[in-house]
Amino acid sequence: MFGRLRRVFDQGGRQPRVVLLVDGPNVLRSEFDVDLDDVRAAGAAVGRLAVARLYLDEHATPGLIQAAEARGFEVVVTSGDVDVKLAIDGTELVHGGDVDVLAVASRDTDFKPLVESAARRGVRTLAIAPGEHGRSDALGNAAHDDVVLEG
């Protein structure tokens with residue numbers, strides 16, 4: 001499923017460093033039936049996961065947090081807007097310079113400026129949609145590549 005992505009993001013034999021940021025409230029919805037292992041696999045398909053973060057709001061259940069941590073995600077719970085925290089963290093990581101690929105899992109067009117900013121800095125970008133119904137054309141078109149997870 002992700003073989004095409006490996007070719008697109010090839011770094012000349014060196015594994016790209018990937019930052020994977022997941023918009024939990026927009027991806028982990030019952031109508032999408034997304035498995036966190038599939039999200040992680042989509043990010044890992046383009047390189048070595050240097051950062052894998054799942055952003056959740058204060059309503060996240062302890063079971064979800066524990067399951068995400070068991071799958072290797074750093075969980076960030078915020079009482080404010082998840083989108084703002086994810087965008088700020090993503091910008092800081094990209095501008096920190098130790099990233100080759102920014103992968104954003106969301107269906108939210110609000111992350112288009114983050115993806116565009118990363119691309120302007122020479123960072124490859126990947127938009128991961130939680131399903132065809134949850135695909136943001138604007139986010140996918142802004143990224144160098146995009147993938148749709150099949151539920």
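In strand β5, the bridge partner of A103 is L126, where helices (H or I, at least four residues) and strands (E, at least two) are DSSP runs numbered from the N terminus, and two strands count as paired if DSSP finds at least two bridges between them. From β4 the chain crosses through helix α6 (residues 112-120) to β5, and this β-α-β crossover is right-handed, a term used if, with the strands pointing away from the viewer, the path from the first strand over the helix to the second runs clockwise. This is a predicted model, in which local features need pLDDT of at least 70 and side-chain atom pairs count only at pLDDT 80 or more, while totals for chains, interfaces and linings use all residues. Residues are numbered from 1 along each chain as its sequence is written, and side-chain values use heavy atoms, with hydrogens and water left out.

**The sheet as a whole**

- Six strands, in the order β3-β2-β1-β4-β5-β6, form an open sheet in which the pairing is parallel.
- The edges are held by β3 (74-78) and β6, each of which has a single partner strand, so one side of each is left without a neighbour in the sheet.
- From one strand to the next the twist averages 20°, with axes taken as lines fitted to C-alpha atoms (for helices over the stretch in contact) and angles running from 0 to 180 degrees between N-to-C directions.

- Strand β1 (residues 17-23) pairs with β4 in the parallel sense over five bridges, and here L20 stands opposite A103.
- The pairing of β4 with β5 (residues 124-129) is likewise parallel, over five bridges.

- On one side, β2 pairs with β1 in the parallel sense over seven bridges, and L21 stands opposite R53 of β2.
- Five bridges join β2 to β3, and these strands run parallel; L54 has V75 of β3 as its bridge partner, and D57 stands opposite T78 of β3.
- Together with helix α4 (residues 62-70), β2 and β3 make a right-handed β-α-β unit.
- E74, which has its place in β3, is partly exposed, with a relative accessible area of 41%.
- Between E74 and A52 there are 22 residues of separation in sequence and 6.1 Å in space, C-alpha to C-alpha.

**The cavity**

- The structure holds one cavity of 30 Å³ or more, a cavity being a set of points, on a 1 Å grid over the protein atoms alone, where a 1.4 Å probe fits but cannot get out, and lining residues being those with an atom within 4 Å of a point.
- The largest cavity has a volume of about 40 Å³, that is, the space filled by probe spheres set on grid points joined across faces, edges and corners.
- Its lining is made by S106, A127, I128, A129, R135, S136, L139, G140, D146 and V147, and the elements that give two or more residues to this lining are β5, α7 (137-142) and β6 (145-148).
- The largest share of the lining, three residues, comes from β5.
- By class, the lining has five nonpolar, three polar and two charged residues, where Ala, Val, Leu, Ile, Met, Phe, Trp, Tyr, Cys and Pro count as nonpolar, Asp, Glu, Lys and Arg as charged, and the others, Gly among them, as polar.

**A residue in a loop**

- D33 lies in the loop between α2 (24-27) and α3 (36-44), and has a positive phi of about 50° although it is not a glycine.
- D33 is exposed, with a relative accessible area of 58%.

Technical notes
1 Å grid on protein atoms, 1.4 Å probe; cavity = no way out; pocket = protein on both sides within 12 Å on 5 of 7 lines; lining within 4 Å. Buried < 20%, exposed > 50% of the residue type's maximum accessible area, 1.4 Å probe, protein only.
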